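Please read it with the coordinates open beside the text.

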Amino acid sequence: MIPKIILGKGARATRRLISYLYGLGSANEHTDPHLVASWNGFAPDPGRSPHRNPKDVENQLATQLDQPVKMLGDKAPATTLWHCPVRAAPEDPILTDTQWADIARRIVAAASLAPEGDEEACRWVAVRHADDRIHIAATLVRQDGRRPRRDHDIRAVQREARKIEIDFGLRRLKPGDGTAAKRPTSKEHFEAKRQGRETTSREILRTRVRRAVAAASSETEFFALLEATGMNVRPKTGPSGDTLGYSVALPGDLNKHGEPVWFSGSTLAGDLSLPKIRHRLTATSPEHAAARAADPWHQATAATERIPHHLTHGGAETAQGQIVALGAALDLLPLTAPSQARRELERAAAVFERATRSRIAADLGSTRALRNSIQTILLTPTATGDGAALAMLLDAVLIAVSFARHWHHTHQHAQQEAAAHQALVHLQTAYAQVAVPLLDTLARRVPGPQTTHRYARHLQEAAPKHADRILNDPAWDALAAVLAEAETAGHNPATLLEQALGRRTLDDARNPARALAWRIHRLGQRHTPSSRAQAAMARSTVRRSTAPIPPPTGSTPTAARSSSHSRRR
């Protein structure tokens, strides 16, 4: 259940609101508007007065609501109207008028506008004009002439909404911290549906602006990217000519006057205001020191693999910065992904967006490597090759998002934790769409039994804790194939296993064989050892090959190989 408080000013604020609530709505979405509750139980109802002109009844209702305000004359407060739409979730049952009336009374009591039993409280009404919502309108002068003590009414109403969800068996929302982006309004949803779109203009613009922020390395580039996406962009300038802010609009999205519907960056999300964007661009600007050329996919994967360490050993500000950078990477990944995985990656980025903001300030100083490598990938999308690079990165992203979820849980960020959990579901689907075909192809190149047994021994020596699980995993064939390819290229497979295991423990890996396969695939693409190193490696391999090969616990290498072949069949 989602309550939202809106305050109104002006002599006709109450009359305008009553007219809207009993009208057709901005998009003809209002049906059967009528009162479900009021301060005295018998307020005039324009929706249930068939023998009177509805406009006259609307005037009468507004006048009665405003009476305590008018009695103060010039001493009346500037803000006189308290408006709170309350909406149920789409999957909630349709509530009766009696149930909505009970909800309205609890909301105005929680806001300290009309505590139960207080006969001198503020005047209020609850109007229902749809199955899934009511609107509560109250005037902000009590009937005894005093003003209500509505300190922290937003938090109080939200707390009561969580209790109402339990009492009425409604969808239970997570408590928030005030950092969530503004949700699309019912009008925006209706307009999107009318135009044949699944998502609202607000959501489309938010996604495009986030991508522009993630891809830009300067403010000039940010605005250029905004225009390149096809949006209308309107900078806000001060008297000095300096740019103070910006607004964006979708082409063709017009209001009733035929004008574009503009959204400022801060109304799309708190971290999309121009000052916040400037801070991020400054904190993550590329370092000017010359760096050796490297595969940006490998750099992005390595940076992503370091995120769990930052989340578990770094300060709260550093951890929050890493999550912001992870969200920016997710914003751009759909642009580099194959078509079959793009939709799930877009959904993952959209829901993880909520996990990137909290009350903890983000320290972005340690996020340059991930940000810059993802930007490089965006500039060279053809470098994805057979998709293995994306699969490697997604494997690291899955672990990083899991750690982000746990970090938010420990900090009691309920909404952010839930967002990370939802993102994981979409990321797992996208990973399967990208990686499973690649792993199957690798498994078909599995080396012969003798070579596979040798790799099994190396694995048992390097990772005895995980060896049995890996050797009996369907991904073992792919791992053996990757080791064979690396060995053919001149690498020592035992050394590669030790290096891959040294990068990060497998304790938190959902699939150790898969994780090792991608790590070794990446290590195997590095420069091969020198001729002297290769000769030393060959001598080491000869010495090791004379030692007996211990079988995995509970099976023999031959049995494991036979079982592996049967799994592929």
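1. V213, A214 and A215 in α6 meet R371, Q375 and L378 in α14, a contact being heavy atoms within 4.5 Å. By class, this contact comprises four nonpolar residues, one polar and one charged.

2. Helix α6 (residues 201-215) packs against helix α14 (residues 368-379) at an angle of about 105°, and their axes lie 9 Å apart. The two helices, α6 and α14, are therefore roughly perpendicular to each other, a label that covers angles of 65 to 115 degrees.

3. This is a predicted model, in which local features need pLDDT of at least 70 and side-chain atom pairs count only at pLDDT 80 or more, while totals for chains, interfaces and linings use all residues. Residues are numbered from 1 along each chain as its sequence is written, and side-chain values use heavy atoms, with hydrogens and water left out.

4. The chain averages a pLDDT (the predictor's confidence in each residue, from 0 to 100) of 87, and 88% of the residues score at least 70. Confidence is lowest in helix α23 (residues 557-568), at a mean of 42, and highest in helix α3 (residues 97-110), at 97. Over residues 537-569 the pLDDT is below 50, although this stretch has 41 contacts in the model beyond near neighbours in sequence. Where pLDDT is low, predicted coordinates should not be read in detail.

Definitions and conventions. Helices (H or I, at least four residues) and strands (E, at least two) are DSSP runs, numbered from the N terminus. Axes are lines fitted to C-alpha atoms, for helices over the stretch in contact, and angles run from 0 to 180 degrees between N-to-C directions. Angles under 35 degrees count as roughly parallel, over 145 as roughly antiparallel, 65 to 115 as roughly perpendicular and the rest as oblique. Ala, Val, Leu, Ile, Met, Phe, Trp, Tyr, Cys and Pro count as nonpolar, Asp, Glu, Lys and Arg as charged, and the others, Gly among them, as polar.
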